[in-house]
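Have a look at the model first, then read on.

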Amino acid sequence: MPPSGQQLTDREAALLTEYELIRNEVKKMGSLIAEINEEELDALTQSMRSVEQKLALVYTVFRSSIYAHLSQQDVGGQTQDGLSVYSEQFQTNCPPFD
């Protein structure tokens, strides 16, 4: 703020106007984010959990088919060492299901 009795220059007034516009946009964005968090976050979280469970199921089926394939090779003359090396390549960071 200028000392009392001084007027703002045109440049200073324009700058303050732009700051006020930016402040209003940031406030709108904050309220929109708060609204999304209150209303849509739970639905989005549930949807993502569903996708995560389906992905884990696909991973389990894929891993069991790999195991079945390697077991068939083991019957055909492969050693068990090949299975353990192959199994170590398929690690996951998916949380276990409760």
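## Salt bridges, patches and confidence

Let's start with Arg-49, which counts as partly exposed at 32% relative accessibility (buried is under 20% relative accessible area, exposed is over 50%, and partly exposed is in between, with a 1.4 Å probe and protein chains only). Before going further: this is a predicted model, where local features need pLDDT of at least 70, side-chain atom pairs count only at pLDDT 80 or more, and totals for chains, interfaces and linings use all residues. Residues are numbered from 1 along each chain as its sequence is written, and side-chain values use heavy atoms, with hydrogens and water left out.

What does Arg-49 meet in a salt bridge? Its partner is Glu-52, at 2.9 Å from N to O. A salt bridge here is a side-chain nitrogen of Lys or Arg within 4 Å of a carboxyl oxygen of Asp or Glu. By that rule the count is two salt bridges, and here they are side by side:

| Pair | N to O distance | Relative accessible areas |
|---|---|---|
| Arg-49 and Glu-52 | 2.9 Å | Arg-49 32%, Glu-52 30% |
| Glu-25 and Lys-28 | 3.5 Å | Glu-25 46%, Lys-28 51% |

Arg-49 and Glu-52 are three residues apart in helix α2, so about one helical turn separates them. Glu-25 and Lys-28 are also three residues apart, in helix α1, so again there's about one helical turn between them. Glu-25 is partly exposed, while Lys-28 counts as exposed.

How many helices and strands are there in the chain? Three helices and zero strands, in the order α-α-α along the sequence. Helices (H or I, at least four residues) and strands (E, at least two) are DSSP runs, numbered from the N terminus.

The accessible surface is about 8800 Å², and carbon and sulfur atoms hold 59% of that; the areas come from the Shrake-Rupley method with a 1.4 Å probe. A nonpolar surface patch of about 790 Å² is made by eight names: Leu-8, Leu-15, Leu-16, Tyr-19, Ile-22, Val-26, Met-29 and Ile-33. Of these, Ile-22 lies in helix α1.

There's a patch of negative charge on the surface too, where Glu-35, Glu-38, Glu-39 and Glu-40 gather. Patches are made of residues with over 30% relative accessible area and no salt bridge, joining like charges within 9 Å and nonpolar side chains (Val, Leu, Ile, Met, Phe, Trp, Tyr) within 5 Å. Glu-40 sits in the loop between α1 (10–39) and α2 (41–75) and is partly exposed at 46%.

Last, confidence. The chain averages a pLDDT of 80, and 71% of the residues score at least 70; pLDDT is the predictor's confidence in each residue, from 0 to 100. Among the elements, α1 has the highest mean (93) and helix α3 (residues 80–88) the lowest (52).

How values were computed. Lys, Arg positive; Asp, Glu negative; His and termini not counted. Charge placed at Lys NZ, Arg CZ, Asp CG, Glu CD.
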